[in-house]
Amino acid sequence: MLPKLRLLLITALMIGATSTAYAIPMTASSLAALPDDTTVTALILMNERPDVDELRYKVRMLKRDERSDVIWRELDDLARRSQLRVRRILDPELDSGRLQRIKSLRIANGIVAHGSPRVFERILDHQDVGQLIHVIPRKLQTDADESTFTAVQPGDVPWHIDHIQAPLCWTAGYSGEGVLVAIIDTGINYQHTDISDHLWVGGELYPNHGYDFADNDLNPIDESGHGAGVAGLVAGDGSSGTSTGVAPDATIMGLRVRQDLNSGIVTDTWLAQDFALEHGVDVISMSLGWGHPGPEDRVMWRHQYEMLEAAGII
């Protein structure tokens with residue numbers, strides 16, 4: 001994919017939304033203050049951390065798709081090896097009911113778990129745990145006014161497409177064909193005719209063209225409209241009358257991390273970035289922001305994006 005088309009995609013997706021979570025370190029006293037029946041979301045970062053510079057050097061001579069594959073395998077191997085002893089403590093808690101969900105986070109080498117604070121007290125001083133972070137979701141109020149739209153006649157080129165001169169790239173033969181774009185957002189409308197012909201095929205494991213991290217299921221359907229709109233901006237091909245996408249031949253993967261723009265949890269976004277890396281995406285669209293992150297958030301975001309960049313993902 002040429003840099004010019006990449007910039008077109010990025011230019012079209014720079015509208016942000018405010019973050020819906022913040023993170024603070026867990027301590028023995030903060031955990032003890034929480035009742036047994038409280039459901040806590042914890043990010044457990046391992047002592048052994050991935051070295052971005054080392055991996056970048058290792059893949060420096062490889063093609064982009066090869067870089068992504070090698071980096072994923074290295075991260076997956078590190079996570080499996082270094083998380084093993086902690087998982088032996090946590091996994092039985094799923095059967096006990098004190099944990100509701102556990103997922104491995106490879107890019108940062110961590111574990112995301114939801115459950116009782118009593119479980120996290122058991123691993124607070126574990127030799128393999130580098131940091132235990134309490135990730136706290138929050139509801140946000142937005143000041144956005146209702147959007148107004150200008151009607152476009154079927155067949156016309158919409159203003160935003162013409163404004164960034166996307167048709168010039170199409171004429172030159174660059175329409176996004178062969179490019180896999182992950183939409184990390186409120187989901188996608190995979191039933192819409194403008195994108196239904198070019199959706200990522202996830203096989204039997206992911207029959208609906210992605211994953212829903214917000215509800216932890218296989219159906220990333222958009223219930224609020226934002227992610228569906230973003231998918232249209234990326235790759236709407238005009239089957240319904242008007243081509244809205246800057247790259248109408250790109251392939252779309254839907255990764256739902258928020259129920260709407262005002263609710264969600266930041267670890268779902270990091271897990272979605274893992275998924276995108278694992279499945280070989282070329283571009284990630286994340287039309288989301290994170291407001292005023294604390295120091296733990298900032299370090300995580302920096303690490304996530306440096307690793308994705310090393311893998312060649314835009």
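Not counting residues up to four places away in sequence, Ala276 touches Ala182, Leu255, Val281 and Ile284, where contact means heavy atoms within 4.5 Å. The model is predicted, so that local features need pLDDT of at least 70 and side-chain atom pairs count only at pLDDT 80 or more, while totals for chains, interfaces and linings use all residues. Residues are numbered from 1 along each chain as its sequence is written, and side-chain values use heavy atoms, with hydrogens and water left out.

Ala276 lies in helix α10; helices (H or I, at least four residues) and strands (E, at least two) are DSSP runs numbered from the N terminus. With a relative accessible area of 0%, Ala276 is buried. Here, buried means under 20% relative accessible area, exposed over 50%, and partly exposed in between (1.4 Å probe, protein chains only). Ala276 and Met253 are 23 residues apart along the chain, and their C-alpha atoms are separated by 8.5 Å.

Ser104 belongs to strand β3 and is likewise buried, its relative accessible area being 16%. Beyond its neighbours within four places in sequence, Ser104 is in contact with Ala79, Gln83, Arg87, Gly110, Leu271 and Asp274. With one of these residues, Gln83, the side chain of Ser104 makes a polar contact through the Gln83 side chain, at 3.0 Å. A polar contact is a pair of N or O atoms within 3.5 Å; within protein, one must be able to donate a hydrogen and the other to accept it, and residues adjacent in sequence count only if both atoms are side-chain atoms.

Rings of Phe, Tyr and Trp (its six-membered ring) pair if their centres lie within 6.5 Å; planes under 30 degrees apart count as stacked, over 60 as edge-to-face and the rest as tilted. Phe213 and Phe275 form an edge-to-face pair, at 6.0 Å centre to centre and 80° between the planes. Because Phe213 lies in the loop between β7 (210–212) and α9 (226–235) and Phe275 in helix α10 (residues 266–278), this pair ties together parts that are 62 residues apart in sequence. Both Phe213 and Phe275 are buried. A stacked pair is formed by Trp301 and Tyr305, at 6.0 Å centre to centre and 20° between the planes. These two residues lie in helix α11 (residues 295–310), four residues apart, about one turn of the helix. Trp301 counts as buried at 5% relative accessibility, whereas Tyr305 is partly exposed, at 33%. One aromatic cluster comprises Trp200, Tyr206, Tyr211, Phe213 and Phe275.

Arg60 lies over the face of Tyr57, at 3.7 Å from the ring centre. A charge sits over a ring if NZ of Lys or CZ of Arg is within 6 Å of the ring centre and within 35 degrees of the ring normal.

Backbone geometry was also examined. Most residues other than glycine have a negative phi. Asn109, however, has a positive phi near 55°; Asn109 is found in the loop between β3 (99–105) and β4 (110–115) and is buried, with a relative accessible area of 0%. Gln165 has a positive phi of about 60° although it is not a glycine. Gln165 is placed in the loop between α7 (159–163) and α8 (166–171) and is partly exposed, with a relative accessible area of 45%.
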